[in-house]
Amino acid sequence: MADLAENRLSMLESVLDAMSLGAIVLDGQRRVVLWNRWMAQYSGIGAPAAHGRALFELLPELAGKRLEGAVDQALRDNFPAVLSQTLHKAPFPLFLHAGARAAGERMQQAIAVTPLAIGGQARHCLIQVSDVSVAVAREHLLREQALELRSQTFSDGLTGIANRRHFDVAIEKEMRRSKRAGTPLSLLMIDIDCFKAYNDHYGHQQGDDCLVKVAAALAAMLQRPLDLIARYGGEEFVVVLPEMDAAGSVTMAEAMRLCITELAIPHHNAGAARHVTVSVGVATQSPDNPVEHPAELIGAADRALYTAKRDGRDRVVMHAPE
């Protein structure tokens, strides 16, 4: 029987050494009675050096932390615990390789503490340490990919500014906020003049380059965090200006028009201007002149833009409420 028990103990130690996770067993005085090969490999502390040592003297940085409380609960109250991986990413000083140790880059860990009843002896506890570095890296990658996908969903692929979907969400939100706070909300609709003629003359690749330059220049004009520029479609852009009244929005529109003029992008089929210009329609919702739906504000800005185009382009027109 003694030989059988000894064989079982030897087999158990071999199994624990073969496991691809850390296994530590503590006695009732929190002394290490088992420290498997995995722990020795990644901690740099061999089993002979660990055995018989109080864990929180062997690794003093763990003292007073959540792990010590979990061990006490297991030994005193027979209560198991799993440490939150979010709050306790790397409690043990474990390193995947020498380079990581030199750089101080610890292995990401999942920790479980389990009380053990070993026949006739005082209660012990088992601490299991799992390497979750790969899972954490994968989660980080998936989160980055999700953010990138979200960014792509709400940004225009060519110009990098907000797209029509982003604008639709923003105008709804800003209109509700404007009504709730009793503040004005202005909208600019901006169209590149004679853009079809530009594409026909210079080609679509240069046309795309023109769109990118115009979008970047217009976006650079916006300094307030809630202001938004979006590509509405084709060569048309929209600018949402929360808390800006009619006078302020016309000033902003005129500054944007001049900004594009100063780019001096050649356009030999643009008539007298001979460079790329924009026309701008402006509409403002004010507490004294509220509108019910975003479509009404968009329609008002669009009608003002049509007037600017009809009256000769390269100009700003403010929508006059009927």
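**Cysteines and an open sheet**

Cys 259 counts as buried, at 16% relative accessibility (buried means under 20% relative accessible area, exposed over 50%, partly exposed in between, with a 1.4 Å probe and protein chains only). This is a predicted model, in which local features need pLDDT of at least 70, side-chain atom pairs count only at pLDDT 80 or more, and totals for chains, interfaces and linings use all residues. Residues are numbered from 1 along each chain as its sequence is written, and side-chain values use heavy atoms, with hydrogens and water left out.

**Cysteines**

- The structure holds zero disulfides (a disulfide is a pair of cysteine sulfur atoms within 2.5 Å).
- For Cys 259, the closest cysteine sulfur is that of Cys 210, 12 Å away and too far for a bond.
- Cys 194 also has its closest cysteine sulfur in Cys 210, at 12 Å, which is too far for a bond.
- Cys 194 is partly exposed, with a relative accessible area of 23%.

**Sheet**

- Five strands form an open sheet with mixed pairing, in the order 7-8-6-9-10 (strands are DSSP runs of E, at least two residues, and helices are runs of H or I, at least four, numbered from the N terminus; two strands pair if DSSP finds at least two bridges between them).
- Strand 7 (228–233) and strand 10 (316–318) stand at the edges with a single partner strand each, so one side of each has no neighbour in the sheet.
- Strand 6 (residues 185–192) and strand 8 (residues 236–242) run antiparallel and are joined by seven bridges.
- Leu 187 stands opposite Val 240 in strand 8.

**Helix on the sheet**

- Helix 8 (residues 164–181) packs on the sheet and touches strand 6, strand 7, strand 8 and strand 9 (278–285) (contact means heavy atoms within 4.5 Å).

Methods: Axes are lines fitted to C-alpha atoms, for helices over the stretch in contact, and angles run from 0 to 180 degrees between N-to-C directions.
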